Amino acid sequence: MEVREIEKLFENIPRFRVGFYPTPFHQLNNLSKKYGVNLFMKREDLSGPSTFGGNKIRKLEFIIGDALNKGIDYIVSTGGYQSNSAMELAQVCRIAGIEPILYLYDTISQGLPEEYRGNLLLDKIMGVEINYIPKEEGLSTSSEEFYHRIVDACETRTEQMKKEGYKVEHVPSGCAYGNGFLSHVFTFTEMLKQAEAYGKKLDYVFHTTGTGGTLPGLIAGKLLTGADTKIMSMAINPYRPGLVCSKEVVVERVQYIFNTLKVECPDYDTIYREIHIDEDFIGADYGVPSDVGTAAIKEVAREEAVFIDSVYTGKGFAGMLDYIKTGKVPKGSNIAFVHTGGTGALFAERRLVGEVTED
Ligand SMILES: *Cc1c(COP(=O)(O)O)cnc(C)c1O
């Protein structure tokens, strides 16, 4: 299907426009030369509306579009203390006149935050209600037990407010929700056109996958356009049934996109074959900086003056570099890395940011 036809399918889908789209796309010349590939970057971090954008803004245009149609007054959501998703949700809610309520959890057993920094500072500047969920030492944020504790806190609050007569919606972590899944079809179609302007066809798209809200749109974009591009997803949390996301859930979300756009859906196996999730770059745990991630943050800043982050894009970029260095991705390939954001979290505490200033 042509990109123009795909855009037409979205005409009647509610959308509250706040981002700056298409987001920029440019070649990373120094890293391309260094590694013998054509490496591009898709700048979802520059999605707007503030300096601190990210991949949740696209999803939120559709989520908030629906919420406004339903007359929602409050949105309850969650993430780590330094959550990009929660901060981006707060931004779009503020513009839409919906009141955000955040349940933010501890990722590294630090107790309550001692001061407001990074995204938490931005949440506070926006005057958002924040509820903290601490965790005990040794309990992984990737565990089922912790995940359910967070979901329960949000659900309980949502139900309680509904009983009080408010129109409330619970948007799960990462804004992996509803028509938000449709949004990253555009990230893919924009990149196709932008690569074409460079005279290139993309062989690979690398990105960092978390709650699995971005990946389904990228896969659907690929299947709708019939492009010959491999979507490579570097995970920052494990993908298993019962956890925050799984491959099976990714397939269901791709099916949801096709059904919502009223396009005949490819069969289960065709979709499943497009999923390439690599869990080798998670490091010690979600939110804990990894050595290769920290090295990638420095390398990208020193070669290209682009800032990536320790929780997501640093680990994802490190994964991509490994694929290039080990020849899993052949020399001369045309590759796009989706910079999904996270810059705000760079200004958090050192133990969350990693040793980025050493040497
Ligand atoms: C949320 C997030 C991701 C992961 O995207 P999902 O849609 O949750 O899979 C990647 N990078 C950054 C910076 C994020 O904030």
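**Close-up 1. Ile-101 and the residues it touches.** Not counting residues up to four places away in sequence, Ile-101 touches Tyr-74, Ile-75, Val-76, Ser-77, Glu-129, Asn-131, Arg-157 and Met-161; touching, or contact, means heavy atoms within 4.5 Å. This is a predicted model, so local features need pLDDT of at least 70 and side-chain atom pairs count only at pLDDT 80 or more, while totals for chains, interfaces and linings use all residues. Residues are numbered from 1 along each chain as its sequence is written, and side-chain values use heavy atoms, with hydrogens and water left out. You'll find Ile-101 in strand E4. A quick word on those labels: helices (H or I, at least four residues) and strands (E, at least two) are DSSP runs, numbered from the N terminus. With a relative accessibility of 1%, Ile-101 counts as buried. Here buried means under 20% relative accessible area, exposed means over 50%, and partly exposed is in between (1.4 Å probe, protein chains only). How far apart are the C-alpha atoms of Ile-101 and Pro-22? They are separated by 29 Å, and the two residues sit 79 residues apart along the chain.

Close-up 2. H4 runs over residues 84-96, so that's 13 residues, and it reaches 18 Å from its first C-alpha to its last. That is close to the 18 Å expected at 1.5 Å a residue, where the expected span is 1.5 Å times one less than the number of residues. At the start of H4, a side-chain oxygen of Ser-83 comes within 3.2 Å of the backbone nitrogen of Ser-85. Just after the helix, Gly-97 takes a positive phi of about 75°.

**Close-up 3. What covers helix H4.** Is H4 mostly covered or mostly open? Mostly covered: 11 of its 13 residues are buried. Among them are Met-87, Leu-89, Val-92 and Cys-93, and also Asn-84 and Glu-88. The cover over these buried residues includes helix H3 (55-69) and helix H5 (118-125), along with strands E3 (74-80), E4 (99-105) and E6 (168-171).

Close-up 4. Which residues come nearest to the ligand? Of the 15 residues around it, those are Lys-56, Lys-59, Thr-211, Thr-214 and Thr-340; a residue is near if one of its heavy atoms lies within 4 Å. By class, the shell has one nonpolar, 12 polar and two charged residues. For that tally, Ala, Val, Leu, Ile, Met, Phe, Trp, Tyr, Cys and Pro count as nonpolar, Asp, Glu, Lys and Arg as charged, and the others, Gly among them, as polar. Now for some close pairs of atoms. A polar side-chain atom of Lys-56 lies 2.9 Å from a ligand oxygen, and a side-chain N or O atom of Asn-84 is 2.9 Å from an oxygen atom of the ligand. On its own the ligand has 380 Å² of accessible area, and the protein covers 99% of that (Shrake-Rupley method, 1.4 Å probe). H3 and strand E7 (204-209) are the elements that give two or more residues to the shell, and H3 gives the most, with three.

**Close-up 5. Arg-58 in helix H3.** Arg-58 has its place in H3 and is buried, with a relative accessible area of 1%. Its side chain meets that of Glu-190 in a polar contact of 2.8 Å. A polar contact is a pair of N or O atoms within 3.5 Å; within protein, one must be able to donate a hydrogen and the other to accept it, and residues adjacent in sequence count only if both atoms are side-chain atoms. Leaving aside neighbours within four places in sequence, Arg-58 is also in contact with residues including Tyr-21, Thr-23, Lys-42, Glu-44 and His-184.

Close-up 6. Most residues other than glycine have a negative phi, and most peptide bonds are trans. A cis bond joins Tyr-21 and Pro-22, with omega about 0°, and Pro-22 is in the loop between helix H1 (3-9) and strand E1 (25-27). Another cis bond joins Gly-48 and Pro-49, with omega about -5°. Cys-175 has a positive phi near 50° and is buried at 0% relative accessible area. Lys-262 has a positive phi near 55°, but Lys-262 is exposed, at 76%.
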